[in-house]
Amino acid sequence: MSAPLLTIFSAPKAFTGHNGLIQRNALRSWTRLPGARVLLLGDEAGIAETAEEFGCAHIPDIARSAYGTPLLNDIFDKARLTCETPCLAYVNADILLHPNIIPALQCCARRWKNFMLVGRRWDIELLEELGPENDWRALWETGVRDGELQPAYAIDFFVFPREQLRSFPPFIIGRPCWDNWLVYHTRLKGVPLIDVTEYAPALHQRHDYAHVPAAAKNHWEGSPEALINQQLAGLTPCRLKFACIFAAQWKMTENGAPRRNINVEKTRWYGSIAALKLRILARDGLRRLLGEERFMRFLARARAWNLL
């Protein structure tokens, strides 16, 4: 029997009420994956008991914000330092993972040393607990057909080699911007970003946002913790286009083969024309206008985004 390839880690909310139901559903989808382990972090009500029931590892002690919400830098660090599998997956605790995530990971691990798998999600309504007797294939077919596909800026899972992320800002879990920062950071480092939406569709079970302190608008975007995340991310409007799933250089097709993302290739083509214009302008004084150091930084950033 081959060694496990992947550890899925997450920091769930308390296993009570509707949140408890959808989190148990998510866990059941994860533990069905061949060659995958699961790590739960946190000491919220029911986590220890549920981890034991599902055969998951459990770390109760994690760093928290002033509002008592878990911090992602500690969560990622503890997963990296304690897990032994070559790859990790951070997954929000309300996400049902498709079985194809494993062959997608195997394919990418053979091709690249460093990489990041991401995907869009379909929102669905689940009011009952799933079990082994459920028709999981039909669940995904119905979810993709009848569910609501969410924007490319909403990212609920990341799959990557264990040693790839050795530092992480103290983002607050469950608040906006940190997922977009991670996509932007991945692209900035030149790491292949692979969109697996078509091949491994993720299902998100709807829930409320009553757990968010002082939410002011749109569920959680105006909460104090959301503002902290926004400041940490530092995503200016010009960076946002590289901070969503549309920025992926690769797409995993329905037959499980990665191919170049045509939209990103178009961006590169148009960027090459712009770069040619920049070279012409540089002869006529752009380098002098910006100064040598700023001009070279500008060119380096353009190359980092595959525009040159």
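Is Trp-178 buried or exposed, and what is its relative accessible area?

Guide: Please keep in mind that this is a predicted model. Trp-178 is buried, because its relative accessible area is 4% and the cut-off for buried is under 20%.

The surroundings of Trp-178 come next. Setting aside neighbours within four places in sequence, Trp-178 is in contact with Leu-72, Phe-76, Tyr-90, Phe-158, Phe-168, Phe-171, Ile-172 and Asn-229.

Some of these names return in the largest nonpolar core, which has 37 residues. The members that touch the most other members are Phe-9, Leu-72, Phe-76, Phe-158, Phe-168 and Trp-178. At least two residues of this core come from each of strand S2 (36-41), helix H3 (72-82), strand S4 (87-91), strand S6 (116-118), strand S9 (157-161) and helix H6 (178-188). Helix H6 gives the largest share, five residues.

Now the rings. A pair of aromatic rings is described by how far apart the centres are and by the angle of the planes. The whole structure holds 14 aromatic pairs. In one of them, the ring centres of Tyr-90 and Trp-178 are 5.3 Å apart and the planes stand at 80°, so this pair is edge-to-face. Tyr-90 belongs to strand S4 and Trp-178 to helix H6, so the pair links distant parts of the chain, 88 residues apart. Tyr-90 is buried too, with a relative accessible area of 1%.

Another pair joins Phe-168 and Trp-181: the centres are 5.5 Å apart and the planes are at 75°, so this pair is also edge-to-face. Phe-168 sits in the loop between S9 and H6, while Trp-181 is in helix H6, 13 residues apart. Phe-168 has a relative accessible area of 11% and is buried; Trp-181, at 12% relative accessibility, counts as buried. Ring pairs link Phe-9, Phe-76, Tyr-90, Phe-158, Phe-160, Phe-168, Phe-171, Trp-178 and Trp-181 into a cluster.

Cys-177 lies in the loop between S9 and H6, and its phi is near 90°, a positive value in a residue other than glycine. Cys-177 is buried, with a relative accessible area of 18%.

Charged side chains are the last topic. Side chains of opposite charge can pair when their charged atoms come close. The count of salt bridges comes to 17. One of them joins Arg-121 and Asp-156, at 2.8 Å from N to O. Arg-121 is in strand S7, and Asp-156 is in the loop between strand S8 (148-149) and S9, 35 residues apart. Both Arg-121 and Asp-156 are buried. A network of salt bridges links Asp-77, Arg-80, Arg-162, Glu-163 and Arg-166.

Conventions: Residues are numbered from 1 along each chain as its sequence is written. This is a predicted model: local features need pLDDT of at least 70, side-chain atom pairs count only at pLDDT 80 or more; totals for chains, interfaces and linings use all residues. Side-chain values use heavy atoms; hydrogens and water are left out. A nonpolar core is a set of buried Ala, Val, Leu, Ile, Met, Phe, Trp, Tyr and Cys residues joined through side-chain atoms within 4.5 Å. Buried means under 20% relative accessible area, exposed over 50%, partly exposed in between (1.4 Å probe, protein chains only). Helices (H or I, at least four residues) and strands (E, at least two) are DSSP runs, numbered from the N terminus. Contact means heavy atoms within 4.5 Å. Rings of Phe, Tyr and Trp (its six-membered ring) pair if their centres lie within 6.5 Å; planes under 30 degrees apart count as stacked, over 60 as edge-to-face and the rest as tilted. A salt bridge is a side-chain nitrogen of Lys or Arg within 4 Å of a carboxyl oxygen of Asp or Glu.
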